Amino acid sequence: MRKVSSLLLVLVLSLGVHAQLKVGDGAPEFRLLNTNYQEVALSDYSEQQGLILIFTCNHCPYAKLYEERIKQLHQTYEAQAFPVVAINPNDSVQYKEDGFSFMVAKGYDFPYLLDNEGIYKAYGATKTPHVFLLVKASNGFKVSYIGAIDDSPQDAARVKETYLENAIKAAQQGRAAEPSLTKAIGCSIKPFN
């Protein structure tokens, strides 16, 4: 009986370390270094209607396939008060291409933040890319969609379901996203140790 209790405790603790946020949960605050060498915080976006938060990186083939789509999302939705903020949670010791200088070289026109704080854990991000659509609430932001950008990671020309864009449009109309949760397809996060 003691072994079973110990095993259950270990299981509960391990789940808590990397717990997945749920739709409707409040979005955890962050303050991370941007590629322009300034810190960016979630609270900096209090005037926005929402935020497209994407955990991504430089080395992952899936992240590379989504780069242009992420840029287009920012171009389209920044003017509608739903800008993109990207966060790189990967350890550049394991993957040199995910280092800060390589992030700077991307030259994105949206914040690209270095997650050396483990913010991905607070959100429960497990893949790159992994999307969290945040919508303005009375006390900060709440999560309204979690998952994939669309249904075709390999080929943008074959997209049939634009999950994220559908969720943004639903939020703009005051409706719940349908679906509000999809499976993020990408590379597993390689965190700082």
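Biologist: How many strands form the open sheet, and in what order?

Modeller: This is a predicted model, to be clear. In it, 7 strands form an open sheet, ordered β2-β1-β5-β4-β3-β7-β8. The pairing is mixed.

Biologist: Which are the edge strands?

Modeller: β2 (39-41) and β8 (140-147). Each of them pairs on one side only.

Biologist: And what does the twist average from one strand to the next?

Modeller: It averages 35 degrees.

Biologist: Take β4 and β5. Parallel or antiparallel?

Modeller: Parallel. Strand β4 (residues 84-88) pairs with strand β5 (residues 112-114) over 3 bridges. Within that pair, I87 stands opposite L113 of β5.

Biologist: Which strands does helix α5 touch?

Modeller: Helix α5 (residues 163-172) packs on the sheet and touches β3 (50-55), β7 (130-137) and β8. The direction of α5 makes about 5 degrees with that of β7.

Biologist: Switching to α2. How many residues, and what's its reach from first C-alpha to last?

Modeller: Helix α2 covers residues 61-77, so to speak 17 residues. It reaches 25 Å, close to the 24 Å expected at 1.5 Å a residue.

Biologist: Where is the kink in α2 centred?

Modeller: On E67. The kink there is about 45 degrees.

Key
Residues numbered from 1 in each chain as written. Predicted model: local features only at pLDDT ≥ 70, side-chain atom pairs only at ≥ 80, totals over all residues. Heavy atoms only, no water. Pairing = 2+ DSSP bridges. Helix = DSSP H or I, 4+ residues; strand = E, 2+ residues; numbered from the N terminus. Axes fitted to C-alpha atoms, helices over the stretch in contact; angles between N-to-C directions. Contact = heavy atoms within 4.5 Å. Expected span 1.5 Å × (residues − 1). Bend = angle between axes of the 7 residues up to and from the residue.
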